[in-house]
Amino acid sequence: MNVINSSFAPPPHLLPSRLSPTRNSEFPNPQLQLHDLANLGSVTVLAPSMSNRKRKADDEGSGGDDDRMSASPSGSPAILNRPLVKHSTKRMRTNVSGRPLPLPRLLETLSADDMRNVLQAICDQHPDIGNKVLTTAPRPNIQSTLEVLAKYESAFQSAFPFGGRASSDYAYNRVRQHLIELLEALKDFTPHFLPPNESQPATSLAFLDGATSFIHRLPNWDTYQHNRHKEEAYEEMAKAWAAVFREAAKKAGGIQLQYGGWDQKIAKHNEMSGGRMQEAENELRTSLGWMGTDAQQTPAGQQGNISVRDQLFNGTYGMGASARVGAW
């Protein structure tokens, strides 16, 4: 049997070890042949203490890497499935210096009165813009117009002093300006609802019915000269009623006047005004004269005095009173 010379013994770190599977994996053939060791030539032999320290350092380094890999968030399925929150990177605009408001923001701060004043000033400076507003603005209706007149009346009533007679000269001096503003507004709005600007008699009469009530509520002053404003308002209103009655009589035979109950309404206004609306009431009677509005007062035997329209509705036109035409 050949005896192996101890001088050719392999270094300890090259020998297979049961405690280090890692080293075994590095050397798949644990049985080294002597001729292989002889071919190694000059081999640097490390001291056992140095090899142990090196192996310990390698083990610690490898274990740290495993620990870091196991603690990494990328290995967690819960984190992989969690949706990422997208944060907006847009920054809000900062006011680094003062500047005027944009036009839309400025208009939001204006009240209705401020808006009207601004628009009026612009229209006064630029008449072409005023004409454009007149042609493009919607037409005022009866309700909105009466509401404006009601505001003037409210300001007029609020200007009265506390105590004393409401018809005294002192009260008149306190409310005179508001009285003039109310009557001026009434004078400006009324022609808008008259023909030919307003083609519907029913609309014209409905506005006049409401507008005349404002005049009825005006006080009668102790001084006669102060009542001239109310007298002139009644005069203008009576002419407006008469103009509408004449125009309505030309359309559809004045049926709207016959069935709208305007004869009773104008009679009531004339009574409340103390006879100052007599001109309007006379015009209505003239317009309805051919319809025979007084037929109810005609004796039964005087069939010839009954109007043609009533005979048509009664079915007696062209025949005796006992006969009827058709199935009417």
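Trainee: In this predicted model, which residues of α13 are buried, and on how many degrees of arc around the axis do they lie?

Mentor: In α13 the buried residues are W262, I266, H269 and N270. They sit on the same side of α13, because the arc that they cover around the axis is only 100 degrees.

Trainee: Which residues are exposed on the other side of α13?

Mentor: An α-helix has 3.6 residues a turn, so residues three or four places apart point the same way. With the buried residues W262, I266, H269 and N270 accounted for, the other side of α13 carries the exposed residues, Q264 and E271.

Trainee: Is N270 buried or exposed, and what is its relative accessible area?

Mentor: N270 belongs to helix α13, which spans residues 262-272, and leaving aside residues up to four places away in sequence, N270 touches G275, R276, M277, Q278 and E281. The cover over the buried residues of α13 includes α10 (201-216), α11 (228-249), α12 (255-259) and α14 (278-287). Because buried means under 20% relative accessible area, N270 counts as buried, at a value of 7%.

Trainee: Which residue with a positive phi follows α13, and near what angle is that phi?

Mentor: The residue that follows α13 is G274, and its phi is positive, near 75 degrees.

Trainee: How is the aromatic pair of F156 and F160 classed?

Mentor: The count of aromatic pairs comes to six. For F156 and F160, the distance is 5.1 Å centre to centre and the planes stand 75 degrees apart. Since an angle over 60 degrees counts as edge-to-face, the pair of F156 and F160 is edge-to-face.

Trainee: How many residues apart are F160 and W221, the pair that links distant parts of the chain?

Mentor: The rings of F160 and W221 are stacked, with 6.2 Å centre to centre and 15 degrees between the planes. F160 lies in the loop between α8 (142-158) and α9 (169-189), whereas W221 lies in the loop between α10 and α11, and the separation of the two is 61 residues.

Trainee: Which residues do ring pairs link into a cluster together with F160 and W221?

Mentor: F160 is buried at 15% relative accessibility, and W221 is buried with a relative accessible area of 6%. Ring pairs link F160 and W221 into a cluster with F156 and Y172.

Trainee: Which helix gives the largest share of the nonpolar patch?

Mentor: The nonpolar surface patch, about 450 Å², is made by L101, L103, L106, L107 and M115. L103, exposed at 56% relative accessibility, has its place in helix α5. The largest share of the patch, three residues, comes from helix α5.

Terms used: Residues are numbered from 1 along each chain as its sequence is written. This is a predicted model: local features need pLDDT of at least 70, side-chain atom pairs count only at pLDDT 80 or more; totals for chains, interfaces and linings use all residues. Side-chain values use heavy atoms; hydrogens and water are left out. Helices (H or I, at least four residues) and strands (E, at least two) are DSSP runs, numbered from the N terminus. Buried means under 20% relative accessible area, exposed over 50%, partly exposed in between (1.4 Å probe, protein chains only). Contact means heavy atoms within 4.5 Å. Patches are made of residues with over 30% relative accessible area and no salt bridge: like charges are joined within 9 Å, nonpolar side chains (Val, Leu, Ile, Met, Phe, Trp, Tyr) within 5 Å. Accessible areas come from the Shrake-Rupley method with a 1.4 Å probe; for residues, only the protein chains shown count as cover. A salt bridge is a side-chain nitrogen of Lys or Arg within 4 Å of a carboxyl oxygen of Asp or Glu. The arc is that of the directions from the helix axis to the C-beta atoms. Rings of Phe, Tyr and Trp (its six-membered ring) pair if their centres lie within 6.5 Å; planes under 30 degrees apart count as stacked, over 60 as edge-to-face and the rest as tilted.
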